[in-house]
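Visitor: I'd like to go through the side-chain contacts in this one. Could you put it on screen, please?

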Amino acid sequence: ILGQGENGLYGIANSVMGYISLLNFGIGSTIIRYLSKYRAEKNEEAERRVAGLFLKIYSLIAVLVLAVGMFVSFHLDFYSRSLSRGELDKLEILVRLMTVNMAFFLPFSVFSAIIISHERYIFNKLVNILTTIGAPIINLIMLYIGVGSVGLVISSTIINLASYGLYTIYVLKTLNFHPSFLPCSPGLLKEIFTFSGFAFLGSIVDLLYWATDKLIIGWAVGASAVAIYNIGANFNSYLTSL
C-alpha cells in the first residue's frame with residue numbers, strides 16, 4: 001500500500017531510531033534482575049525504591065533521546081545524494097515522530113518489567129497478543145485513510161498508549177505496587193551500569209549487524225532499494241523467529 005519509496009523511507013527511519021535506542025545503554029536488561037532480586041529477598045521497600053530509581057534513570061534517558069533524535073532529524077542531508085527533497089522531508093518527519101514516541105513511552109517500560117518480576121506472565125502475554133493483533137488492524141486503517149508511513153507511526157503510538165496504559169494501571173491498581181523515589185543503597189547505581197555495560201556491547205553488535213545495511217543501501221542507492229531489501233530481511237526474521 002505504501003509503495004516502494006515510502007516503505008523504504010520507513011525502513012531507513014526505523015534503522016536510524018535503532019541507533020538512537022542505544023542511548024538506553026543496555027539498562028533495560030537490568031531492571032528485571034534487580035526487581036526480582038529484592039522480591040526474592042522479600043524486601044518490598046528496596047524493590048519499590050529500585051523501581052523509582054529506574055523511572056528516574058529512564059526519564060533522564062528519555063530527555064537525551066529527545067535531544068539526540070531531534071538533532072539527528074535536522075542533519076540527514078547526507079541522504080540527499082540518493083533521496084529527493086520530498087523524500088528527505090518525509091524522512092525527517094518520520095524520525096521526529098518516532099523520537100517523540102520513543103522518548104515519551106521509555107519510562108513506562110519499567111511497569112512492564114515490574115509485571116514480569118511479579119511473575120504475572122498471563123496478563124503480560126495477553127497484552128502482547130492483543131497488541132500483536134491490534135497493530136496490523138490499526139496499520140491497515142491508517143494506510144487506507146491515506147496518511148502513509150506517518151500513519152504507521154501514529155498506529156505505533158496508539159498501540160503503545162494502550163499497552164503501557166494497561167501495564168501502568170495493572171501495577172498501580174491490581175498489584176498495588178507504587179514506586180518510591182527515596183534514595184537506594186549506596187553504590188547501587190554503579191553496580192547497575194557495570195552490569196548493563198555488557199548488555200550495551202551486545203546491543204551495539206546486534207545493531208551493527210541488523211540495522212547498518214539499510215542505512216548504507218538507503219544512502220548509496222535510495223529508498224526503493226531499501227524497500228526491496230526489507231522484504232527479504234523480513235523473511236529472514238520470520239525464519240529466525242521460528
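Guide: Let us begin with H118, which, once its neighbours within four places in sequence are left aside, is in contact with R39, E47, L175 and F177. Please keep in mind throughout that this is a predicted model.

Visitor: Okay, and where is H118 found?

Guide: H118 is found in the loop between two helices, α5, which covers 109-117, and α6, which covers 121-145.

Visitor: Is H118 buried or exposed there?

Guide: H118 has a relative accessible area of 11%, and because the cut-off for buried is under 20%, this residue is classed as buried.

Visitor: Switching to charged pairs, how many salt bridges does the structure hold?

Guide: There are seven salt bridges in the structure, and one of them is formed by the side chains of R48 and E45, with an N to O distance of 2.7 Å.

Visitor: Where do R48 and E45 lie?

Guide: Both R48 and E45 belong to helix α3, residues 44-73, where they are three residues apart, which is about one turn of the helix. R48 is partly exposed at a relative accessible area of 22%, and E45 is likewise partly exposed, with a value of 31%.

Visitor: Which residues are linked in a network of salt bridges?

Guide: The network of salt bridges links R85, D89, E92 and R96. Within this group, the side chains of R85 and E92 meet at 3.5 Å, N to O, while those of R96 and E92 meet in a salt bridge at 3.6 Å, again N to O.

Visitor: And how far apart in the chain are R96 and E92?

Guide: R96 and E92 are four residues apart, about one turn of the helix, and both lie in helix α4, which comprises residues 85-105.

Conventions. Residues numbered from 1 in each chain as written. Predicted model: local features only at pLDDT ≥ 70, side-chain atom pairs only at ≥ 80, totals over all residues. Heavy atoms only, no water. Salt bridge = Lys/Arg side-chain N within 4 Å of Asp/Glu carboxyl O. Buried < 20%, exposed > 50% of the residue type's maximum accessible area, 1.4 Å probe, protein only. Contact = heavy atoms within 4.5 Å.
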